[in-house]
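Hello,

Here is the structure you will be working with. Please open it first, then read the notes below.

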Amino acid sequence: MKIWAVFLATIMISSASAQAQEFRMTCRGEKGVYLVVYDAVRNVLTNNNPQFAPPWKIKRTQVDEDGALIWSSVQAHFGERDALAFFGREKWVRYFYGNGSVVEDSCRN
């Protein structure tokens, strides 16, 4: 019986840790509000900004006490667009375009 209780406690702690590794934010862009979610356990980024069509490829991540910084890319009309998303005290997504311009959308929980 004691082993079973330890097993259940371990599962509950693991589950809580996995849930804590999901970062979410709602952002406002040119075409309205969209959701950005980063699952650190599965290393998957979803971004339903209507200006871009998934899937999003993750290039690099940094998760620490300040939050999560995700560098990703997505297929666009004539190639790829890079995006940098920050889930921290401040929340934002920056989109980088081929002409050198950068668009930043502010986000919140």
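The model is predicted, and the mean pLDDT over the chain is 85, with 82% of the residues scoring at least 70. Confidence is lowest in helix H1 (residues 2–20), where the mean is 43. At the other end of the scale is strand E2 (residues 32–39), which has the highest confidence, at 98. Over residues 4–19 pLDDT stays under 50, and for this stretch the model has 1 contact beyond four places in sequence.

Next, the sheet. Its 8 strands form an open sheet with antiparallel pairing, in the order E3-E2-E1-E8-E7-E6-E5-E4. Strand E3 (44–47) and strand E4 (56–64) are the edge strands, each pairing on one side only. On average, neighbouring strands of this sheet are turned by 20 degrees against each other, direction ignored.

Opposite Arg60 stands Trp71, which is in E5.

Strand E5 also holds Gln75. Is Gln75 buried, partly exposed or exposed? Its relative accessibility is 47%, so Gln75 counts as partly exposed, since that class lies between under 20% for buried and over 50% for exposed. Leaving out residues up to four places away in sequence, Gln75 touches Ala53, Lys57 and Glu80. Of these contacts, take Ala53: Gln75 and Ala53 are 22 residues apart in sequence, and their C-alpha atoms are 7.0 Å apart in space.

Regards

Note on methods
Residues numbered from 1 in each chain as written. Predicted model: local features only at pLDDT ≥ 70, side-chain atom pairs only at ≥ 80, totals over all residues. Heavy atoms only, no water. Pairing = 2+ DSSP bridges. Helix = DSSP H or I, 4+ residues; strand = E, 2+ residues; numbered from the N terminus. Axes fitted to C-alpha atoms, helices over the stretch in contact; angles between N-to-C directions. Buried < 20%, exposed > 50% of the residue type's maximum accessible area, 1.4 Å probe, protein only. Contact = heavy atoms within 4.5 Å. pLDDT = per-residue confidence, 0-100.
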